[in-house]
Structures are given as C-alpha cells and as structure tokens.
Amino acid sequence: MLAAIRSAAVLGIEALPVTVEVDVARGLPQWTIVGLAAGAVKESRERVSAALTNSGFVLPPRRVTVNLAPADLRKEGTSYDIAIALGLLVATGQLDGPAAAGLCVMGELGLDGSVRSVRGVLPVARTTAGEGRRLVVPPGNAAEARLVTTLRVSAPTSLRELTDWLRAGRLPDAEPPLAPAPPAAAAADLADVLGQGVAKRALEIAAAGDHGVLFVGPPGAGKTLLAQCVPGILPPLSDAEALEVIAVHSVAGVMPPGGVCAPARPFRAPHHTVSTAGLVGGGSAPRPGEVSLAHLGVLFLDELLEFPRATLDALRQPIEDGVVVLTRAAGSVRYPARFTLVGAMNPCPCGRSGDPTAVCVCAPADIRRYRARLSGPLADRIDLHVPVAAVPVRELALPAARARGECSAAVRERVTQARAAQRARYAALPGIVANGRVPGRWLARETPVAPAARELLATAAERLGLSARGYHRVLRVARTIADLDGATGIDAACVAEALRYRAPLARDGSPAGVENGHVDG
C-alpha cells in the first residue's frame with residue numbers, strides 16, 4: 001500500500017514542498033530511504049521504528065520504501081520523522097489516508113514517540129500559509145509558526161496524541177504566542193560615552209544611512225563602547241523586517257527558548273578566530289554565517305586586523321550586494337546579509353601610535369605592514385573611517401566629565417526621521433531603503449547637488465585618489481548628512497563632512513587631507 005504525506009525542505013530562508021511517499025510491500029523486512037537524503041534523514045528509520053513501537057503501534061515485517069520527492073532536492077535534518085511515521089501508519093492501514101490530507105508535517109521523533117523541535121519552521125510556515133494547509137509542528141516551534149497569523153497550526157506533544165487527533169477528525173489549534181516583549185534597552189547608551197564628538201557624529205551618520213564605519217584608535221579609547229551603542233540608535237524593526245530576522249535565526253538553529261525572539265536589531269560580535277565559513281556561511285550542508293545572523297542589525301568586528309585577511313575579504317560581496325551566495329555542486333543557496341558593519345582597529349601593532357600619553361615603539365615599516373592586513377578593496381567599501389583618540393584619565397575624574405551627553409533615544413529620533421525620508425525617496429527602487437544601498441549613478445543623477453559641492457567632490461576625488469566606488473560612497477554619505485539636516489539637496493558643507501571621513505589616515509591615525517571645505521595638496 002502507498003501513502004503520501006506533505007512536508008517541506010528549507011533552501012536558504014525559503015521553503016520548498018516535499019512529498020514523503022511510503023510504500024509497504026511484501027518481502028524481507030528492509031528499510032530503504034531514497035530522494036537524495038542526508039545521513040540524519042536516513043537515520044530516521046531507527047527513530048521512527050522505535051517511536052511507533054513505543055507508542056503502541058504495530059510495525060509489520062515488510063519491505064518499506066520511503067521516497068522524498070522531488071528526488072533532485074537534497075534533504076537535510078530530522079524534520080521528516082513525523083511525516084514518515086504517519087506515512088507508515090497510513091500505508092499499513094492503522095490510520096485513514098484522508099485524515100492526513102491537507103496537512104504539512106514536520107518534526108523530530110524521540111524513541112518514546114515524543115515530538116522534538118526542529119530548525120527552519122518559520123520559512124515553512126510562510127509557504128504553508130500560502131497553500132492553505134494546516135501545519136503540524138513540535139510544541140517548541142508553535143510560537144514561531146504562529147507568527148504567520150493566517151496559518152492554522154497544531155502542536156502535538158507526541159505521535160500518539162497526533163494520531164488520536166487525526167482519528168477523531170479534529171486537530172486543535174496551537175495556543176497563540178504571547179505578545180513579543182518590547183526590545184530590551186541597549187546595554188550601552190551614547191550618553192555614557194565621554195567626549196568622542198566626531199565618533200558619535202559618525203555613528204549617527206552610519207545608522208541613518210546604513211553605512212559601514214571603521215574606528216581607529218589606541219586600546220581603551222572607547223571603540224567597543226561606541227560600537228555597542230549602535231543598536232540603540234537604529235530605528236525599530238518593522239513587522240516584515242522582524243520576520244526576516246527570525247527566519248534567518250530559525251534556519252540557523254539559534255532561536256531562543258520558547259521560539260520567539262523580541263523584534264530587536266541583531267548585534268553580532270564574532271571573535272577574530274572565526275573561520276571564513278563561520279563569518280559568511282558555508283559548510284557541506286550550508287548554514288548562515290555571522291553576516292546573515294546580523295541581517296538588518298550590526299556586525300561588529302573588534303580587533304579587525306587580527307582577522308585573517310582572506311576571511312575579511314570574504315565580506316566584499318555581502319557589503320556590496322546585501323546577500324551571501326553559497327555555491328555547491330548540488331546548487332546555490334542565498335542568505336540575506338544586509339547589515340551595518342562596525343569595525344575597530346589599533347593604529348599600529350603596539351596600539352600607541354598617535355596616543356599623546358604613550359610612546360609608539362613601532363617602525364614605519366611595521367605600521368605599513370600591519371595596516372596592509374586590511375585590503376584596499378575592502379577598505380574602499382567602508383564609508384566612514386574615524387579616528388578615536390584616547391580620553392586622558394585625569395579628565396575622567398573631573399566633575400564636568402560626569403555630565404551625561406546626548407542620549408541614544410534623541411539620536412534615534414533623528415535617525416528614524418532620516419530613514420523615513422530615504423524610504424519614501426527610494427519607494428520606486430525595489431530592495432533599496434537607505435542611502436548606503438542606493439546605486440551611485442542613480443543618486444548622482446537624481447539628487448540635487450550644489451555646483452560648489454560638485455566641484456569640491458571632483459577636486460577631492462583627484463587629490464585623494466578616490467576610485468569610482470569611493471566617489472559614489474562619499475556622495476551617499478553626503479546625502480545622509482543632508483537627510484539628517486532635513487535638506488533636499490547636497491551642499492558643500494555636506495560633501496566636506498563626508499570627505500572628512502573618507503580621507504586617508506596619517507601615520508598617527510588622524511584624518512589628513514580635508515578641512516573646512518578645502519582639500520590639502
């Protein structure tokens with residue numbers, strides 16, 4: 001007898017339908033699983049056999065063939081256990097076939113028949129809702145699935161409970177998820193950062209236009225604290241963006257207990273020993289990397305020059321395109337990776353170059369060799385290069401230093417208004433919501449630029465040796481500065497400030513070349 005149960009496979013953050021076909025025929029007792037099944041899928045025969053027996057069902061000594069269609073799509077993970085078990089029950093006449101019609105089933109089985117959580121439920125839920133089917137998932141994934149409000153979800157605790165529901169012809173709906181808790185307050189607030197006015201301004205620009213920023217300064221200058229402030233000044237996620245973030249985390253298997261995370265901007269800070277696959281994604285069975293886990297949030301790379309150069313250069317495509325494409329012999333997988341990059345590095349190997357309170361012991365050749373770990377093409381893709389000077393310890397003890405500066409909430413208000421203006425401006429450009437992602441030629445053609453500003457930018461491009469990419473990135477930053485000022489066009493002051501963050505760093509880590517709208521020769 002033949003039975004067919006609907007399930008799904010996850011490719012990237014999209015779900016594709018999979019039909020689990022189970023055939024039970026006369027012959028020597030034998031299990032065969034076909035359909036490009038990975039090792040974890042083939043091991044399901046042991047889990048399913050034990051779960052059926054321990055749930056009180058009869059597993060007759062027959063030849064069992066399980067086909068996962070389509071056969072040319074690789075199947076990973078343990079999410080097909082319940083579908084295979086239901087197919088066996090239908091094929092052996094222990095469950096009516098129509099009872100399982102109209103369902104999409106996914107979940108892992110324990111040897112006692114209990115139902116365990118799996119990865120990638122949210123993408124499957126979004127696809128299943130469009131098909132009008134009911135989704136059966138483990139209880140630990142129910143809250144995640146119910147984020148798709150139009151979907152009917154059932155969450156049995158065991159295989160026996162599910163079959164009892166099917167025999168009774170009534171599948172109860174899973175309890176609706178609790179309202180997500182509001183995002184927790186950022187661990188760091190800009191008001192806690194002493195001094196560093198230029199760096200704070202750069203962070204505001206980076207958050208408003210989705211620009212990458214690189215802090216260069218000695219140890220203890222506050223680079224890490226500044227980076228930790230970024231999530232607190234980014235605008236809140238929209239409902240659609242929150243679902244994107246949760247979908248990536250679901251596929252990666254890093255969902256928090258309970259299955260639903262608060263809709264807060266991700267903040268990822270991998271250690272410099274991370275592998276290339278760990279940073280951008282990969283593996284024999286591709287998984288999202290840190291750049292995708294930081295999607296719509298912040299990727300902070302502390303001690304940037306301690307990362308292997310090849311690993312850093314793998315960031316070029318995600319920074320430019322906002323996606324990661326992992327290509328394998330069996331096909332390609334795409335993961336979203338639209339993040340705000342924040343990097344921090346020392347100006348030299350000893351970290352004391354440009355520090356007035358200490359003496360740098362590095363030779364010029366050592367400094368050049370150290371900074372060469374950051375390749376030119378990658379540095380060209382980072383819009384804001386910001387020197388961060390150390391705050392003298394004596395100033396920290398002064399009463400004036402204890403006065404709090406502008407808080408993150410006030411900055412976030414300006415950033416949110418600037419982002420709203422950009423979203424309206426780029427409404428006709430699919431996938432573009434911020435200045436940092438808009439095509440440079442479109443911006444140069446469609447944005448009013450004052451003649452003095454255009455002349456300053458052209459002169460600076462020649463004197464500073466800017467590439468075409470660098471030219472357009474300066475223009476994007478100037479557009480963001482204008483948005484923060486509420487201006488409709490770009491004037492010379494906007495371009496001068498943007499060039500200040502684009503100018504090459506001197507030996508001591510300070511910017512050189514642009515000041516007050518003039519370009520030094």
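Phe 215 has its bridge partner in β16, and that partner is Val 386. This comes from a predicted model, so to speak a computed picture of the fold. Strands of a sheet pair through backbone hydrogen bonds, either parallel or antiparallel.

Zooming out, these two strands sit in an open sheet of five strands, ordered β11-β12-β15-β10-β16, and the pairing is parallel. At the edges are β11 (267-268) and β16 (384-387), each of which pairs on one side only. Helix α7 (residues 197-209) lies across β10 and β16, and runs at about 160° to β16.

As for Leu 384, leaving aside residues up to four places away in sequence, the residues it touches include Ala 202, Ile 205, Ala 206, Val 213, Leu 214, Val 477 and Tyr 501.

Elsewhere, two helices pack against each other. Helix α18 (residues 408-425) meets helix α21 (residues 468-485) at an angle of about 115°, with the axes 8 Å apart, and the crossing is right-handed. On the α18 side, Arg 414, Ala 418, Gln 422 and Arg 425 make the contact, while α21 brings Arg 479, Asp 483 and Leu 484. Sorted by class, that comes to two nonpolar, one polar and four charged residues.

Methods. Residues are numbered from 1 along each chain as its sequence is written. This is a predicted model: local features need pLDDT of at least 70, side-chain atom pairs count only at pLDDT 80 or more; totals for chains, interfaces and linings use all residues. Side-chain values use heavy atoms; hydrogens and water are left out. Two strands pair if DSSP finds at least two bridges between them. Helices (H or I, at least four residues) and strands (E, at least two) are DSSP runs, numbered from the N terminus. Contact means heavy atoms within 4.5 Å. Axes are lines fitted to C-alpha atoms, for helices over the stretch in contact, and angles run from 0 to 180 degrees between N-to-C directions. A crossing is left-handed if the near helix is turned anticlockwise from the far one by less than a right angle, and right-handed if clockwise. Ala, Val, Leu, Ile, Met, Phe, Trp, Tyr, Cys and Pro count as nonpolar, Asp, Glu, Lys and Arg as charged, and the others, Gly among them, as polar.
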